[in-house]
Amino acid sequence: MKGYLGQPEATAAAIRDGWYATGDVVTIDAEGFITIVGRESRFAKIGGEMVPQGRIEEALMELTGPDEDGGPKAVVTAIPDPAKGERLVVVHTALAQSPHELVRGLAKEGLPNLYIPSEDCFVQIDELPTTGTGKLDLKGVRQIAAKALATK
């Protein structure tokens, strides 16, 4: 896409470094196939600050690697927290690293403390939920997190 016809302002907002910025977060496998794994627009509001869930997922992907299909092993969501507004939760499949190791790894990746979930906010499940079209079911992920942490 080269831009919006007759709309230079919209084009300037949408085209970055020659690429159309869709807001999608993707992985590219060794064969060059692109898989959409999330959206940049997913944010948690913690203590009045906007925390990008996609940025945390990127760092987790660096630490855990992709699953066998090139997708994520861990997804970040947010659930209500009475003290801070929202709390970050990592819903994940089986990982080689413990929550403690991942939290330390996120800090080493340079993420601000506000972006790092607590060790008790990691929820392991057998398989990440997907929609009927095969996309990650973010609503389902949030429901899993809320149910798992309802008593914490």
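Student: How many salt bridges does the chain hold?
Tutor: The model is a predicted one, in which local features need pLDDT of at least 70, side-chain atom pairs count only at pLDDT 80 or more, and totals for chains, interfaces and linings use all residues. Residues are numbered from 1 along each chain as its sequence is written, and side-chain values use heavy atoms, with hydrogens and water left out. A salt bridge here is a side-chain nitrogen of Lys or Arg within 4 Å of a carboxyl oxygen of Asp or Glu. By this rule the count of salt bridges is three.

Student: Which residue forms a salt bridge with R42?
Tutor: Side chains of opposite charge can pair when their charged atoms come close. In the pair formed by R42, the closest N and O atoms are 2.7 Å apart. The partner of R42 is E57.

Student: How many residues apart in sequence are the parts that R42 and E57 tie together?
Tutor: Helices (H or I, at least four residues) and strands (E, at least two) are DSSP runs, numbered from the N terminus. R42 lies in the loop between β4 (34-39) and β5 (43-46), while E57 lies in helix α2. The pair therefore ties together parts whose separation in sequence is 15 residues.

Student: Are R42 and E57 buried or exposed?
Tutor: Buried means under 20% relative accessible area, exposed means over 50%, and partly exposed is in between (1.4 Å probe, protein chains only). R42 has a relative accessible area of 11%, and for E57 the value is 11%. By these cut-offs R42 counts as buried, and E57 also counts as buried.

Student: What separates R55 and E58 along helix α2?
Tutor: The side chains of R55 and E58 meet in a salt bridge, at 4.0 Å from N to O. R55 is partly exposed at 31% relative accessibility, and E58 is partly exposed at 39%. The two residues are three apart in helix α2, so their separation is about one helical turn.

Student: Which residue meets R87 in a salt bridge?
Tutor: R87 is buried, with a relative accessible area of 16%. The N to O distance in the pair is 3.7 Å, and the partner of R87 is D81.

Student: How are α2 and α3 placed relative to each other?
Tutor: Axes are lines fitted to C-alpha atoms, for helices over the stretch in contact, and angles run from 0 to 180 degrees between N-to-C directions. The axes of α2 (residues 53-64) and α3 (residues 99-108) come within 10 Å and cross at roughly 115°. Angles under 35 degrees count as roughly parallel, over 145 as roughly antiparallel, 65 to 115 as roughly perpendicular and the rest as oblique. The two helices are therefore roughly perpendicular.

Student: Which residues form the nonpolar patch on the surface?
Tutor: A patch is made of residues with over 30% relative accessible area and no salt bridge, where like charges are joined within 9 Å and nonpolar side chains (Val, Leu, Ile, Met, Phe, Trp, Tyr) within 5 Å. Accessible areas come from the Shrake-Rupley method with a 1.4 Å probe, and for residues only the protein chains shown count as cover. One member lies in the segment before α1 (8-14) and is exposed at 53%. Together the members have about 300 Å² of accessible area, and they are M1, Y4 and Y20.

Student: What is the phi of D17?
Tutor: Most residues other than glycine have a negative phi. D17 is in the loop between β1 (15-16) and β2 (19-20), and it is exposed at 80% relative accessibility. Although D17 is not a glycine, its phi is positive, at about 55°.

Student: How far apart are the C-alpha atoms of D69 and D29?
Tutor: D69 lies in the loop between α2 and β7 (74-81), and it counts as exposed at 64% relative accessibility. Along the chain, D69 and D29 are 40 residues apart. Their C-alpha atoms are separated by 8.9 Å.

Student: What percentage of the residues of the chain count as buried?
Tutor: The chain has four helices and nine strands, and its C-alpha atoms fill a box of roughly 55 × 40 × 35 Å along the principal axes. Of its 152 residues, the buried share is 37%.
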